[in-house]
Protein chains: 2
Amino acid sequence: MKISAIGEFALIERIRSILPRPHDTLLGIGDDCAALRPTAGTDLLLTTDLLVEGVDFTPQTITPFRLGRKAMGVNLSDIAAMGGMPRTALVTLAISPDEEIEFVDELYRGLREEGARFAVEVIGGDLSASSTLMIGVTLVGEVEAGRAVRRSGAKPGERIWITGRLGASAAGLTALRAGCRLRDDQIETPFEVSGSLREAIRQAIERHLCPIPRIREGRALAQAGVASAMIDLSDGLASDLVHLCRESGVSATIREDQIPIDQAASAIARRFGQEPLTLALQGGEDFELLFTSSWDPADVAAMFSDAVTVTAVGEIQEAGLGCRLERQDGTAIALTGGYNHFRRTERSAISTQPTATGVARRATSY
Amino acid sequence: MKISAIGEFALIERIRSILPRPHDTLLGIGDDCAALRPTAGTDLLLTTDLLVEGVDFTPQTITPFRLGRKAMGVNLSDIAAMGGMPRTALVTLAISPDEEIEFVDELYRGLREEGARFAVEVIGGDLSASSTLMIGVTLVGEVEAGRAVRRSGAKPGERIWITGRLGASAAGLTALRAGCRLRDDQIETPFEVSGSLREAIRQAIERHLCPIPRIREGRALAQAGVASAMIDLSDGLASDLVHLCRESGVSATIREDQIPIDQAASAIARRFGQEPLTLALQGGEDFELLFTSSWDPADVAAMFSDAVTVTAVGEIQEAGLGCRLERQDGTAIALTGGYNHFRRTERSAISTQPTATGVARRATSY
C-alpha cells in the first residue's frame, strides 16, 4: 500500500507504533516538542547528519532496514568522537507519497534496531513529501561536564592513534559499483569469485552499509582522559587528519607502513586494480576513531580489548609543516582530499562521485 | 558564483563566518558535535521541522532570507507551544551544487536574524547535495523542570483560548497563488487593487512568509501555570484542536461568532470569493497558540499586553462528543481537516496541494 493511501497522520501513528515507548523521556511523539531531563553534571552533545538519495545512498544497493541503521549509525559515530554517551534521536523523513508504507516501516525498524544497541530511542521528528528521499537524524548525547574530547586539543609530540582497520567501507563501495550485491546476508556477484574473495566482499559491503560506531571506545578514552583530541573517520584518514590538525593548529606526520589496512579491503583492492593504501587514506566512512595522546603507547594499547585493535600511526608536530605521509621509500607526500559533496572534480584513484548503483561516502557535518 | 566552484569545506567556512560566534555554547561549528551546558533545573525541549522545495515552499514566492527566517520561525513556534525558552539550533541543508553561493549566504542570514530575536544561535548542522532544496532546523529549548505545557492536559469545563487573529497566513497564500508578490516590502499584483486591499495583501503575505512565534506569550502562560494544555496552530484551528483533544482524551465545542478572524484575511477572502471562516479554521500556518485554562477569563486576559489579543472561543467537554463548531444559526458541524502532506484529495475550499507558485502549509511534526 502506498503512503498516499493512508496519509500523514496515519503514517505518524504507524511510526509511533513501530518505535518503543521511550523509557527515559518525559515526552515522546505526539506533542509540539519532545522533552527529556538532562543528567545532572553533564554537557549536551548535538549532531545531525542528512542522507540524500542519489548522493549519500542509492535505494538499489541498500535495503530500507539497513538505511535506517546507517542513518542512525553515522550520527552515533559523531557522539563517539566526542567521548559521549548517545541518548535520544529525532528523525526527519522526506519521501514520495507513492512510496510503499512497508518501506517506511522497515526504515524505522532499522533506526530502532541500531539505536537500541546504544539505548537510543527516536522520540520525535518531522515528515514531508518529496520526490527525492531524504533521511535526517539529529542525535542528542551527554558527556561528563567539561570532558568532551574536541578536535582542537592535539599538541606537538603526541602520538596519533587509530582504532580498527581502514579501507573496508571504500572497498565495499568499490564492490557495489562493480555490481556486487548483499541480499539476505548472501553476496551476489556479476562475475566468478573465489570463496575467500566472496567473503571479503561480504564483509566490506556489510561494513559500508552498516558502520560500527565506536561508542564504547570513545567513552573509555574520554573518561580516562587519554585522548587530547579526537575525530571520527567519515571523510577518510587524509582529510580527517587535516581537519583535526587545522582545528588544533598543528602539523602531523603519519607513516605508510603503520597504517592498519583491513584485510578484506586489501583483497578487493587487488581484484579491482586499486591501491589498498588509497582506500585507507581517502576512502572514508570507516567510522573508526582517530585520536591523539601523550600517554605511553603500552598504556593506550592496554585500554583496548582484543576485539578492537588500536594502532599508533604517527606524531603531531608544530604548526607549519602541514599533514604528511612518509612513504616506505623515505619520500613524503602532502595529505589532502576526502569526499566533498559539491566538487565536480575527482581527486583520487577512487571516484568521489556517486553512480547509478554506487553509495557515496559521507561528508563531514559542521 | 556557484556552490560547486568553492566546494563543501569552503562553504562550511563561509557559513561559519556568517553566523555569530555562539555566546553561551561550549562548542559550535567545527567539531564532530556541538556542545552546550544545560541550565540547572530545566528540562530539554527538542523539535525539528523540515521545509521541502515544491511542497513546503517555492523559491518563486519567497526570498532565501525570508525562507531562512521561516525555517527558524516554525520551529520557534513549537518551543512556544510548550511554554519553553528556545536556546540553540542545528541546520541541515540539501542544495544543488549549481545554486549560487549568495543564496546560501542569504538563507543563513535569515536563520541568524530570526534566531537572534530570541537569542538563538545556529551551532551546527550538515550539508548535502540535492536537486530538491531542503532545509531542516532542529531546535533545542529549555523549560523549568516539570513545567512543559503538553497537549494532553485539557480537562472538561476548561475554556479554549487563542492568541492573535486567524486566517492571515492562508489569505497570504491565496494572494500568492493569485500571482501577487512581495518584493522589497512592496506588493506587486497582476490585477488592479485598491490601496486598502493592497495593504491587506501585503500584511497577509508577510504573515504567511514570516510567522511570528509566540515565545513570550507561551513563556508567560507556562510560568504562571495558566495553561493546562497548549498547541501551536500550524495545521489550522480545526485540525490542531482535534490533535489537542485526542491527546487529552476530551471533546470540545468552539463557537463561530467567537473565532477571531484577521481583518486582512477577511478582505482578501471577500476579493477571492472565499469564506473567511474557512481560512481561519483550515488555513493553517497562523502559528498562534491555542491553550486551555480553568482560570477566570478576566485573569487570563489581564496577562496579555494590548499588542496581542487573546480570545476565548469555546469549552472543553467530556470525551465522546468529538470536536464541534457551533454555527451562528444554532447548527453544529464536526471539525476535521487541515494540511496533510501525503493526501491527494482536497477537503476544503482551500486547496491543500501546493501549486507552481503556491506555498503550501506546514504539517504537524511528530
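Residues count from 1 along each chain as its sequence is written, while chains are lettered from A and ligands numbered from 1 in the order in which they are written. Because the model is predicted, local features need pLDDT of at least 70 and side-chain atom pairs count only at pLDDT 80 or more, whereas totals for chains, interfaces and linings use all residues.

On confidence, the model comes with an ipTM of 0.90 and a pTM of 0.91. Chain A has an average pLDDT of 91, with 92% of its residues scoring at least 70; pLDDT is the predictor's confidence in each residue, from 0 to 100. Residues 344-362 of chain A are another matter: pLDDT stays under 50 there, and the model has 56 contacts for this stretch beyond four places in sequence. A contact here is a pair of residues whose C-beta atoms, placed from the backbone, lie within 7 Å.

Chain A is assigned two stretches as domains, domain 1 (3-19 + 39-144) and domain 2 (159-334), with bounds from an automatic or database domain assignment. Their C-alpha centres sit 25 Å apart, and the contact draws on 18 residues of domain 1 and 19 residues of domain 2. On the domain 1 side, α2 (64-80) and β3 of chain A are the elements giving two or more residues, with α2(A) providing the largest share, 10 residues. (Helices, H or I of at least four residues, and strands, E of at least two, are DSSP runs numbered from the N terminus.) That side splits into 10 nonpolar, 4 polar and 4 charged residues. The classes put Ala, Val, Leu, Ile, Met, Phe, Trp, Tyr, Cys and Pro under nonpolar, Asp, Glu, Lys and Arg under charged, and the others, Gly among them, under polar.

Strand β3 of chain A spans residues 85-95 and includes Ile95(A). Ile95(A) counts as buried because it has 23 C-beta neighbours inside 10 Å; the cut-off is 20 or more other C-beta atoms within 10 Å for buried, 12 or fewer for exposed, and partly exposed in between, with C-beta atoms placed from the backbone. Beyond four places in sequence, Ile95(A) touches Ile3(A), Val104(A), Ser130(A) and Leu133(A).

Chain A also holds an open, mixed sheet of 7 strands in the order β9-β11-β6-β12-β10-β13-β14. Strands β9 (229-232) and β14 (332-334) are at the edges with a single partner strand each, so one side of each has no neighbour in the sheet. Strands pair if DSSP finds at least two bridges between them. Within chain A, β10 (residues 251-255) and β13 (residues 323-326) pair in parallel over 4 bridges, and Ala252(A) has Cys323(A) as its bridge partner in β13(A). Helix α7 (residues 237-248) of chain A lies across β9, β10, β11 (289-293) and β13, at about 145° to β9(A); axes are lines fitted to C-alpha atoms, for helices over the stretch in contact, and angles run from 0 to 180 degrees between N-to-C directions.

Finally, the two chains: 69 residues from chain B and 69 residues from chain A make up the contact. On the chain B side, β2(B) gives the largest share, 9 residues, and the classes come to 35 nonpolar, 19 polar and 15 charged. Strand β1 (residues 34-36) of chain A is joined to β2(B) by 3 bridges, running antiparallel, and Ala34(A) has Leu46(B) as its bridge partner.
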